[in-house]
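Subject: Structure handover

Hello,

Here is the structure I promised to pass on. Please open it first, then read my notes below.

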Amino acid sequence: MQQLIPYTGVMNLEGLHRPLLAVQFTKLKDGLAVGCAFNHAVLDGTATWHFMSSWAELCRGAAAPSALPIHNRAMARSVRVGLTLPASAEAHEKTDPNGPKKPLVARVFSFPEPVVARIKANANAALPPGAKPFSAFQSLGAHIWRSVSRARELGPADITVFAVFADCRARLDPPVPATYF
């Protein structure tokens with residue numbers, strides 16, 4: 001699958017020296033595969049799907065996309081956090097206190113509702129009386145993080161990261177429209 005998607009494994013900070021958008025067309029025996037890679041500095045997941053849906057509408061013959069993107073940069077807040085970028089992805093990798101990283105392995109897991117309910121019940125069973133219960137999201141996130149850490153055979157002093165990507169546009173004040181690009 002990685003051969004169909006250009007720039008697989010390229011880090012966002014490499015967008016300073018590499019294309020921000022790459023499109024690859026691969027002719028298959030019975031059709032065509034279109035692989036797209038976007039740098040996260042340019043657009044997020046929501047904007048990616050909006051772009052792809054708009055492109056599909058145009059390919060189906062629409063005169064214009066049904067929902068035009070909003071490019072108003074004033075909607076992006078001024079963030080006063082220092083951003084120090086390493087010179088390269090390799091320099092970034094060398095800053096890891098655990099040494100060079102092993103290649104990432106991608107897996108997809110699904111958790112049926114009864115399994116999530118059991119994980120949540122187990123997490124909440126350990127709480128003291130009167131404590132605010134964990135949500136299904138918190139319980140599942142903790143379960144995944146602990147499982148991944150155990151699979152990596154991490155020691156108590158090892159550094160690990162757990163990341164969740166979520167669309168927070170509607171939670172901002174004021175909210176950012178779904179079509180914000």
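Start at the strand pairing: Lys27 has Leu32 of E2 as its bridge partner. A second pair to look at is Gln24, which stands opposite Gly35 in E2. Strand E1 covers residues 21–28 and strand E2 covers residues 31–38. The two run antiparallel and are joined by eight bridges. Two residues sit between E1 and E2, and the strands form a hairpin. In a regular strand, side chains alternate between the two faces of the sheet. Please bear in mind that this is a predicted model.

Now the overall layout. The protein chain has four helices and two strands. Read from the N terminus, the order is β-β-α-α-α-α. The protein chain has 181 residues, and 17% of them are buried. Its accessible surface is about 14,500 Å². Carbon and sulfur atoms account for 62% of that surface. I also looked at contacts between residues at least 6 apart in sequence; 45% of these join residues at least 24 apart.

Next, the aromatics. How many aromatic pairs does a search of the whole structure find? It finds two. One is Phe38 with Phe51: the ring centres are 5.5 Å apart and the planes meet at 80°, so the pair is edge-to-face. The cut-off for that label is an angle over 60 degrees. Phe38 belongs to strand E2 and Phe51 to helix H1 (residues 45–59), so this pair ties together parts 13 residues apart in sequence. Phe51 also pairs with Trp55. Here the centres are 5.9 Å apart, with 50° between the planes, and the pair is tilted. Phe51 and Trp55 both lie in helix H1. They are four residues apart, about one turn of the helix. An α-helix has 3.6 residues a turn, so residues three or four places apart point the same way. Together, ring pairs link Phe38, Phe51 and Trp55 into a cluster.

Phe38 is partly exposed, at 22% relative accessible area. Phe51 is partly exposed too, at 31%. Trp55 has 27% relative accessibility and counts as partly exposed. The in-between class runs from 20% to 50%.

On to H1 itself. Which residues of H1 are buried? They are Ala47, Thr48, His50, Ser54 and Glu57. What do the buried residues of H1 pack against? They pack against E2. After H1 comes Gly61, with a positive phi near 105°.

Then H3, residues 113–125. This helix has 13 residues. From first C-alpha to last it reaches 18 Å, close to the 18 Å expected at 1.5 Å a residue. Its buried residues are Val116, Ile119 and Asn124. Seen down the axis of H3, they fall within an arc of 130°, so they line one face of the helix. The face turned away from the buried side carries exposed residues: Pro114, Arg118, Asn122 and Ala125. Helix H4 (136–151) is included in what covers the buried residues of H3.

One last backbone point. Glu153 has a positive phi, near 55°, and is a residue other than glycine. Glu153 sits in the segment after H4. Its relative accessible area is 70%, so Glu153 is exposed. The cut-off for exposed is over 50%.

- The ring cluster: Phe38, Phe51 and Trp55.
- The buried side of H3: Val116, Ile119 and Asn124.
- The positive phi values: Gly61 and Glu153.

Best wishes

Methods:
Residues are numbered from 1 along each chain as its sequence is written. Side-chain values use heavy atoms; hydrogens and water are left out. The expected span of a helix is 1.5 Å times one less than its number of residues. Buried means under 20% relative accessible area, exposed over 50%, partly exposed in between (1.4 Å probe, protein chains only). The arc is that of the directions from the helix axis to the C-beta atoms. Contact means heavy atoms within 4.5 Å. Two strands pair if DSSP finds at least two bridges between them. Rings of Phe, Tyr and Trp (its six-membered ring) pair if their centres lie within 6.5 Å; planes under 30 degrees apart count as stacked, over 60 as edge-to-face and the rest as tilted. Accessible areas come from the Shrake-Rupley method with a 1.4 Å probe; for residues, only the protein chains shown count as cover.
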